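Here is a short briefing for a reader new to this structure. Keep the sequence and the 3D view at hand while reading.

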Amino acid sequence: MVKIEMFFDYACPFCLSGYNDLIELLPNYPDIEMVWHFCEARPRPEEGYGKHSDLCIQGMFFAAQSGVDLMLYHKKMFTLYHEDKIDVEDIDVLADSLGSLLDADGLRHALKSGKYAQNLHDANAYAYKESGVWVIPDFRMDSHRLVASAGVGITKKQLEDFLNLSRC
């Protein structure tokens with residue numbers, strides 16, 4: 001089994017595109033195991049490019065601990081952020097919007113208490129300080145790396161070529 005790591009943020013439109021391409025291509029690569037790494041493209045207090053994703057990422061930690069299928073969570077979160085354009089900075093709106101997938105009241109409590117704030121901090125530190133992520137999405141496999149171009153992202157062809165390295 002080959003492990004591929006993907007560093008991404010729900011707020012990043014290039015991550016959404018890369019994620020969608022990855023999901024489409026993955027069935028062709030049954031020997032790949034995905035490792036998801038979350039990092040904020042724009043951590044607080046930085047302002048300027050849309051809503052912050054900190055609560056979305058903290059919600060993912062809650063979902064994982066609750067046994068929710070993370071692929072469903074990722075899909076739902078990308079949809080809520082980019083298509084439905086909900087206010088992901090409002091805990092009640094976010095929790096209610098995820099109610100079909102997880103325990104909304106449990107999520108609401110976890111977010112208000114800051115239960116997963118340290119997890120978010122650690123995820124950002126792992127990405128930016130320990131792993132050298134500069135632009136997302138960023139894919140890793142052994143010594144190979146596929147990094148998006150700032151403001152451009154990656155193409156489906158680039159991702160497919162990268163995934164093909166798993167067969168070497």
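Helices and strands here are DSSP runs, numbered from the N terminus; a helix has at least four residues and a strand at least two. With that numbering, Pro137 sits in the loop between α6 and β3 (138-141). The model is predicted.

**Nonpolar core**

- In soluble globular proteins, nonpolar side chains tend to be buried together.
- The largest nonpolar core in this model has 58 residues.
- Tyr10, Leu22, Tyr73, Phe139 and Leu163 have the most contacts inside this core.
- Helix α2 (residues 54-65) gives the most to the core, with seven residues.

**Helices α1 and α3**

- Helix α1 covers residues 13-25, and helix α3 covers residues 70-83.
- The two pack at an angle of about 140 degrees, and their axes are 11 Å apart.
- Angles over 145 degrees count as roughly antiparallel, so α1 and α3 are oblique to each other.
- α1 passes α3 in a left-handed crossing.
- On the α1 side, the contact uses Pro13, Cys15, Leu16, Tyr19 and Ile23. On the α3 side, it uses Met71, His74, Lys75, Phe78 and His82.
- By class, this contact of α1 with α3 has seven nonpolar, two polar and one charged residues.

**Helices α1 and α7**

- Helix α7 (residues 156-164) also packs with α1: the axes come within 10 Å and cross at roughly 50 degrees.
- α1 and α7 are therefore oblique to each other.
- Their crossing is right-handed.
- α1 brings Gly18, Asp21, Leu22, Glu24 and Leu25 to the contact. α7 brings Lys156, Leu159, Glu160 and Leu163.
- The contact of α1 with α7 has four nonpolar, one polar and four charged residues.

**Helices α2 and α6**

- The axes of α2 and helix α6 (residues 117-130) come within 9 Å. They cross at roughly 105 degrees.
- Angles of 65 to 115 degrees count as roughly perpendicular, so that is the description for α2 and α6.
- In α2, the residues that meet α6 are Asp54, Ile57, Gln58 and Phe61. Their partners in α6 are Ala117, Asn119, Leu120 and Ala123.
- The residues of the contact of α2 with α6 divide into five nonpolar, two polar and one charged.

- Is Tyr19 buried or exposed? Tyr19 is buried, because its relative accessible area is 4% and buried means under 20%.
- Tyr19 lies in helix α1. Not counting residues up to four places away in sequence, Tyr19 touches Met6, Trp36, Met71, His74, Lys75 and Phe78.
- Tyr19 and Asp84 are 65 residues apart in sequence. In space, they are 18 Å apart, C-alpha to C-alpha.
- His37 lies in strand β2 (residues 32-38).
- With a relative accessible area of 15%, His37 is buried.
- Not counting residues up to four places away in sequence, His37 touches Glu5, Met6, Phe7, Phe8 and Tyr126.

**Backbone features**

- Most residues other than glycine have a negative phi, and most peptide bonds are trans.
- Where is there a cis peptide bond? A cis bond joins Ile136 and Pro137, with omega about 5 degrees.
- Lys85 has a positive phi of about 55 degrees, although Lys85 is not a glycine.
- Lys85 lies in the loop between α3 and α4 (91-97). Lys85 counts as exposed because its relative accessibility is 62% and exposed means over 50%.
- Asp142 has a phi near 50 degrees, a positive value in a residue other than glycine.
- Asp142 is found in the loop between β3 and β4 (144-147). Asp142 is exposed, with a relative accessible area of 73%.

Definitions and conventions: Residues numbered from 1 in each chain as written. Predicted model: local features only at pLDDT ≥ 70, side-chain atom pairs only at ≥ 80, totals over all residues. Heavy atoms only, no water. Core = buried A, V, L, I, M, F, W, Y, C linked by side-chain atoms within 4.5 Å. Buried < 20%, exposed > 50% of the residue type's maximum accessible area, 1.4 Å probe, protein only. Axes fitted to C-alpha atoms, helices over the stretch in contact; angles between N-to-C directions. Parallel < 35°, antiparallel > 145°, perpendicular 65-115°, else oblique. Left-handed = near helix turned anticlockwise from the far one by under 90°. Contact = heavy atoms within 4.5 Å. Nonpolar A, V, L, I, M, F, W, Y, C, P; charged D, E, K, R; others polar.
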